[in-house]
There are 2 protein chains.
Amino acid sequence: MRRPARVLLAGPGRVGSAFLELAAGRPELEVAAVVRSTGPTVAELLAEGGWDVVADATPSDLATGGPALAHARAALGAGVHFATAAKGPLVRDHGALRELARRTGTGFRFSAATGAALPTVDMAEFALAGARVVAIEGVLNGTSNYVLDRMAESVDLEAALAEARRRGIADGDGRPDVAGVDTAVKLVAIANAVWGTDLTLEDVAVTGIEGLDPDLVRRAARAGGAVRLVGRAAPEDGRVRAKVRPSRVAGDHPLAGVRGADKAITFETDSMGRLTLSGGRSDPRAAGAALLRDVLLLLRVGPRA
Amino acid sequence: MRRPARVLLAGPGRVGSAFLELAAGRPELEVAAVVRSTGPTVAELLAEGGWDVVADATPSDLATGGPALAHARAALGAGVHFATAAKGPLVRDHGALRELARRTGTGFRFSAATGAALPTVDMAEFALAGARVVAIEGVLNGTSNYVLDRMAESVDLEAALAEARRRGIADGDGRPDVAGVDTAVKLVAIANAVWGTDLTLEDVAVTGIEGLDPDLVRRAARAGGAVRLVGRAAPEDGRVRAKVRPSRVAGDHPLAGVRGADKAITFETDSMGRLTLSGGRSDPRAAGAALLRDVLLLLRVGPRA
């Protein structure tokens, strides 16, 4: 048997801890170091050599890219595969990281940042191999979907958002969720992976659900459908256009059945028709499982095709 | 650039023709021979050497395994990857073929036989990498699902089946569809791929929808749910148990929303929760696209992990 792959984990928070626990059950992996706020840095450990993958579970920072961006540059620059659960690198420097990975023959995966257990990017890359994706459409944020479902039951937005916080559905105060920002971030990351583009958050036209007429939500539900906060991206006239906005969907639309804090994504393809993937946990354990999936795929498949 | 991979196609029917057309758009592939009922055989062409993959689109034969089984043995035995759209080899000799592939370091894929465009096996292998699948549950046959939807609208089974034939939904007379056999075949193939087992059709307890009380179907629909022909498999007491039977599901069950000739599969996992994949075309073009997916994954990823 080959020696286990040496994994460097950055970020020992809840996602990192879940990753550690799940990775302990995999004989093909050895998590040989965990980088914390004190002690050696990722760059220092990388300089020692002998690493196969850096798994990053540091907090997301959309404004600067955060520590994950620095870790991505260090790992990929050193010829080491990189997987992250943080959203920062995906909206700040995606194109440059992809180019760096290409140059050093490494892989860069981030499924935990684009829907936790919901395997959005992996679905497009493997399960739809050979098909051309002509559009993606998703309910990508659990908090705003939960709030919309409660609004359909005549609970007002602020009360529903407070519930989502109390029930641990919302990350932080949930404002970026209902504003559509979280959906836009995931949409950008998925679109960039699917079409090889360099979209940033600024390229997405975003309308959240804060200004939504509650009566519209109730009327849609009474008619058997729903209002969903939908992120949609599609190539159009030589570029990929992306937008996030509340949309009324009929009862037989695949996104109508996404309940509460669940998520879903629909891929329209040229040769395989329309495929919808829904469900998947989105707690820290699920994000840790997604990070583990990325690490295993990097070791098995290597760089993106 | 590397030379294109040399592909040998067996079976120039509707699926094979769709494969040819789709493969023509892929510069990394060269379909260098098509085996027809006259002319050189797969074995003769394999003996010439220089092949990377055999793509098989011959008709399914569940009783003997059919030509696809012979092609599988020839290709894998000769150290050439094998992809098939035929169901025969999956229920007749799956374990021995897997062992042969292991011994010769080749890969064996069959996604076109387990749901056409619906990527059942690929989903488990890649998108759920690292998670343990604890159960699968699927609506895997479009004809029986179409018939059940029509029965909910008070059309009787025979009339609905005649409609399915007229509309090109049923393959042949549709009897194996409503008897649950087609569902059982796909369930066996998916279970064997997911858990590495050697189930055959005889291991599945199958109840079709022919004897179903039409009133039960109408009552389920009136209550907002549905009756679905569900294939379910799960490890239990050290072996995988598989059964096919009509099941009443509530309106919020992920399989309730599978309409008409659509298909869906749910994976229950240990760390990622429950994920449902639905939709996907199931015409010859979609089956050709699935065969192309298999060929591309064999070339990119090689043998199963």
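**Legends to close-up views of the two-chain model**

**View 1. A loop residue of chain B with a positive phi.** A116(B) is found in the loop that connects β5 (108–109) with α6 (120–127) of chain B. The model shown in this and the following views is a predicted one. The phi angle of A116(B) is near 50°, a positive value in a residue other than glycine. Is A116(B) buried or exposed? A116(B) counts as buried because 27 C-beta neighbours lie inside 10 Å, and 20 or more are required for that class.

**View 2. A loop residue of chain A with a positive phi.** S154(A) belongs to the loop between α7 (142–152) and α8 (157–166) of chain A. Its phi is near 70°, again a positive value in a residue that is not glycine. S154(A) has 11 C-beta neighbours inside 10 Å and therefore counts as exposed, the limit for this class being 12 or fewer.

View 3. An open sheet is formed by 12 strands, in the order β7(A)-β9(A)-β8(A)-β6(A)-β10(A)-β11(A)-β11(B)-β10(B)-β6(B)-β8(B)-β9(B)-β7(B), with mixed pairing. Its edge strands are β7 (204–206) of chain A and β7 (204–206) of chain B, each of which pairs on one side only. On average, neighbouring strands of this sheet are turned by 15° against each other, direction ignored.

View 4. Three bridges link β7(A) to strand β9 (residues 239–249) of chain A, and the two strands pair in the parallel sense. Within this pairing, V206(A) stands opposite V244(A) of β9(A).

**View 5. A helix across two strands of chain B.** Helix α11 (residues 214–222) of chain B lies across β8 (226–236) and β9 (239–249) of chain B. The direction of α11 is at about 90° to that of β8(B).

View 6. β11(A) and strand β11 (residues 274–279) of chain B run antiparallel and are joined by five bridges. Here S278(A) stands opposite T276(B) of β11(B).

**View 7. The contact between the chains.** In this contact, 36 residues of chain A meet 36 residues of chain B. The elements of chain A that give two or more residues to the side touching chain B are α6 (120–127), β11 (274–279) and α12 (284–301). Which element provides the largest share of that side? It is α12(A), with nine residues. By class, the side of chain A that touches chain B has 20 nonpolar, eight polar and eight charged residues.

**View 8. The rotation axis.** Chain A is superposed on chain B by a rotation of 180° with 0.0 Å of shift along the axis, at an RMSD of 0.0 Å. The two copies are thus related as by a two-fold rotation axis. The same surface serves both copies, since 100% of the contact residues of chain A recur in chain B. Among the residues of chain A, L277(A) comes closest to the axis, with its C-alpha at 2.2 Å.

**View 9. The nonpolar core around V188(A).** In soluble globular proteins, nonpolar side chains tend to be buried together. The largest nonpolar core of this model has 214 residues, and those with the most contacts inside it are V188(A), L291(A), V188(B) and L291(B). Apart from neighbours within four places in sequence, V188(A) is in contact with L90(A), V91(A), L199(A), T200(A), L201(A), V204(A) and A242(A).

Notes: Residues numbered from 1 in each chain as written. Chains lettered and ligands numbered in written order. Predicted model: local features only at pLDDT ≥ 70, side-chain atom pairs only at ≥ 80, totals over all residues. Pairing = 2+ DSSP bridges. Helix = DSSP H or I, 4+ residues; strand = E, 2+ residues; numbered from the N terminus. Axes fitted to C-alpha atoms, helices over the stretch in contact; angles between N-to-C directions. Contact = placed C-beta atoms within 7 Å. Core = buried A, V, L, I, M, F, W, Y, C linked by C-beta atoms within 7 Å. Least-squares fit on C-alpha atoms with pLDDT ≥ 70 in both. Nonpolar A, V, L, I, M, F, W, Y, C, P; charged D, E, K, R; others polar.
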